[in-house]
Amino acid sequence: QVQVAESGGGLVQAGGSLRLSCAASGRTFVTSGIGWFRQAPGKEREFVAAITWSGGIANYADSVKGRFTISRDNAKATVYLQMNSLKPEDTANYYCAARVATGPYAYWGQGTQVTVSS
């Protein structure tokens, strides 16, 4: 099993920044990468960004490109999501998830709330 746990959420004004962390534990060697997702009240969960453990290949949703940066620290088995120029529409519960090979994101955290005030 793999466990992931998010931290770093909070309340920030529009234009501000936050850094989220996703710490992986357990059988992390079977995972190929970590993804960040978010879900706002009354909306579907949506993809935000993802990164591979090896090579650090990252991809982003169009809505966050140029504002969010995903990175990883393999030694700490931790993935970060640096969020800059935050907008009220970024308000959501943010989740990280781990995937095995090219399979689905199978291991999910409990989420961390990000609230951006206007």
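This is a predicted model: local features need pLDDT of at least 70, side-chain atom pairs count only at pLDDT 80 or more; totals for chains, interfaces and linings use all residues.
Modeller: Let's start with burial: buried means under 20% relative accessible area, exposed means over 50%, and partly exposed is in between, using a 1.4 Å probe and protein chains only. Residues are numbered from 1 along each chain as its sequence is written, and side-chain values use heavy atoms, with hydrogens and water left out.

Colleague: Okay, which residues does a disulfide join here?

Modeller: In general, a disulfide is a covalent bond between the sulfur atoms of two cysteines. The cut-off used is a pair of cysteine sulfur atoms within 2.5 Å, and the count by this rule is one. Cys22 and Cys96 form the bond, with S to S at 2.1 Å. The torsion about their S-S bond is about 70°, so the disulfide is right-handed. Cys22 sits in strand 3 (residues 18–26) and Cys96 in strand 9, 74 residues apart, which links distant parts of the chain.

Colleague: You're numbering strands. What are the strands, and when do two strands pair?

Modeller: Strands are DSSP runs of E with at least two residues, helices are runs of H or I with at least four, and the numbering goes from the N terminus. Two strands pair if DSSP finds at least two bridges between them. Here, four strands make an open sheet in the order 1-3-8-7, with antiparallel pairing. Strand 1 (2–7) and strand 7 (68–73) are at the edges with a single partner strand each, so one side of each has no neighbour in the sheet. On average, neighbouring strands of this sheet are turned by 15° against each other, direction ignored; the axes are lines fitted to C-alpha atoms (for helices, over the stretch in contact), and angles run from 0 to 180 degrees between N-to-C directions.

Colleague: How many bridges hold strand 7 and strand 8?

Modeller: Six bridges, in the antiparallel sense, with strand 8 covering residues 78–83. Phe68 stands opposite Met83 of strand 8. In the loop between these two strands you'll find Ala77, a residue other than glycine with a positive phi near 50°. Ala77 has a relative accessible area of 15%, so it counts as buried.

Colleague: And where does Ala101 lie?

Modeller: Ala101 is in the loop between strand 9 and strand 10. That hairpin has four residues between the strands, and Ala101 takes a positive phi near 50°. Strand 9 (residues 92–100) and strand 10 (residues 105–108) run antiparallel and share three bridges, with Arg99 opposite Tyr105.

Colleague: Which residues touch the most other members of the largest nonpolar core?

Modeller: A nonpolar core is a set of buried Ala, Val, Leu, Ile, Met, Phe, Trp, Tyr and Cys residues joined through side-chain atoms within 4.5 Å. The largest has 29 residues, and Trp36, Leu81, Met83 and Tyr94 touch the most other members. Contact means heavy atoms within 4.5 Å. Leaving aside neighbours within four places in sequence, Leu81 has contacts including Leu18, Trp36, Val48, Phe68 and Tyr94.

Colleague: Last one: is Thr31 buried or exposed?

Modeller: Thr31 has 9% relative accessibility, so it counts as buried. Its place is strand 4 (residues 31–39).
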